[in-house]
Amino acid sequence: MFSRDHLTFEPIPLPDHIDLSDPEMRAASQAFFDTMSKRHTVRDFETTPIPRDVIETCIATAGRAPSGANHQPWSFAAISNPKLKARIRAEAEEEERRFYAGGAGDEWIKALEPIGTNDQKPHLTDAPWLIVVFAQRYGEFEDGTRYKNYYVPESVGIACGFLIAALHHAGLSVLTHTPNPMKFLNGTLERPASEKPIMILAVGRAAQHATIPTVAKIKKPLSEILSVWE
């Protein structure tokens, strides 16, 4: 992280050295693939509470992600308060109504048809927790002096990947929600102008009646997403 203190490069021995054999690596990578293959985006959540410490641990995991110059340009707001979730849903649905009424192009709307989405977002109140992810476009010291952050979209994207994987590993389902624009979240959650809301994660247990779109099971094969140069 960035500090006004004079920080110098001081190498230390790797504190957590992992040394797996080839068979152990294959088993570990396959086990994680099998776990993540069971991850599905759902829009139907049980309303039963999720312990706060589970959410905090998953966010702490996100905070372990690598970032440009180790500035860690992210912040997270975790919300379980029903009134606040209702306010976020109302504001998000207002943005979504504009989106579906013409704010999005015809090609975008057509691309969403197999997913079955519309401007109604009940998951934002049904899910026990909402996690709003903010990207810190620049940092600020206590006196308001700014400093530059680096590779902010890339860093925050990696942290979001860590977070979603951690939540799934904890047995929770996640829906990524990205109303655009989302500036209303700064005021609602009292975040500074230096931060840009990136997404809302609806988090909880999948409802017993939860469904997913058929097309969600269609994933590109490895041959289409990988090039190997040996």
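Biologist: Where is the place of Glu190?

Modeller: In this predicted model, Glu190 is not a glycine, although its phi is positive, at about 55°. The relative accessible area of Glu190 is 70%, and exposed means over 50%, so this residue is exposed. Its place is in the loop between α7 (184-188) and β6 (195-204).

Biologist: Which phi does Asn70 have, and is this residue buried or exposed, or partly exposed?

Modeller: Most residues other than glycine have a negative phi. Asn70, in the loop between α2 and β1 (74-79), has a positive phi near 60°. With a relative accessible area of 43%, Asn70 falls between the limits of 20% and 50%, and therefore counts as partly exposed.

Biologist: At what angle do the axes of helix α2 and helix α6 cross?

Modeller: Helix α2 spans residues 52-62 and helix α6 residues 152-169. Their crossing is right-handed. The two axes come within 7 Å, and the angle between them is roughly 145°.

Biologist: How many charged residues are in the contact of α2 with α6?

Modeller: From α2, the contact is made by Ile55, Cys58, Ile59, Thr61 and Ala62. Helix α6 contributes Ala159, Phe162, Leu163, Ala166 and Leu167. By class, nine of these residues are nonpolar and one is polar, and the number of charged residues is none.

Biologist: Which kind of pair do the rings of Phe99 and Tyr100 form?

Modeller: The count of aromatic pairs comes to two. In the pair of Phe99 and Tyr100, the ring centres are 5.0 Å apart. Phe99 is buried at a relative accessible area of 14%, whereas Tyr100 is partly exposed at 25%. The ring planes stand at 80°, and an angle over 60 degrees counts as edge-to-face, so the pair is edge-to-face.

Biologist: Which kind of pair do the rings of Phe141 and Tyr147 form?

Modeller: Phe141 and Tyr147 are both buried. Their ring centres lie 5.0 Å apart.

Biologist: Which residue lies over the face of Tyr138?

Modeller: The residue in question is placed at 4.0 Å from the ring centre of Tyr138. Its name is Arg146.

Biologist: How far apart in space are Gly161 and Pro213?

Modeller: Gly161 lies in helix α6 and is partly exposed, with a relative accessible area of 39%. In sequence, Gly161 and Pro213 are 52 residues apart. In space, their separation from C-alpha to C-alpha is 22 Å.

Note on methods. Residues are numbered from 1 along each chain as its sequence is written. This is a predicted model: local features need pLDDT of at least 70, side-chain atom pairs count only at pLDDT 80 or more; totals for chains, interfaces and linings use all residues. Side-chain values use heavy atoms; hydrogens and water are left out. Axes are lines fitted to C-alpha atoms, for helices over the stretch in contact, and angles run from 0 to 180 degrees between N-to-C directions. Helices (H or I, at least four residues) and strands (E, at least two) are DSSP runs, numbered from the N terminus. A crossing is left-handed if the near helix is turned anticlockwise from the far one by less than a right angle, and right-handed if clockwise. Contact means heavy atoms within 4.5 Å. Ala, Val, Leu, Ile, Met, Phe, Trp, Tyr, Cys and Pro count as nonpolar, Asp, Glu, Lys and Arg as charged, and the others, Gly among them, as polar. Rings of Phe, Tyr and Trp (its six-membered ring) pair if their centres lie within 6.5 Å; planes under 30 degrees apart count as stacked, over 60 as edge-to-face and the rest as tilted. Buried means under 20% relative accessible area, exposed over 50%, partly exposed in between (1.4 Å probe, protein chains only). A charge sits over a ring if NZ of Lys or CZ of Arg is within 6 Å of the ring centre and within 35 degrees of the ring normal.
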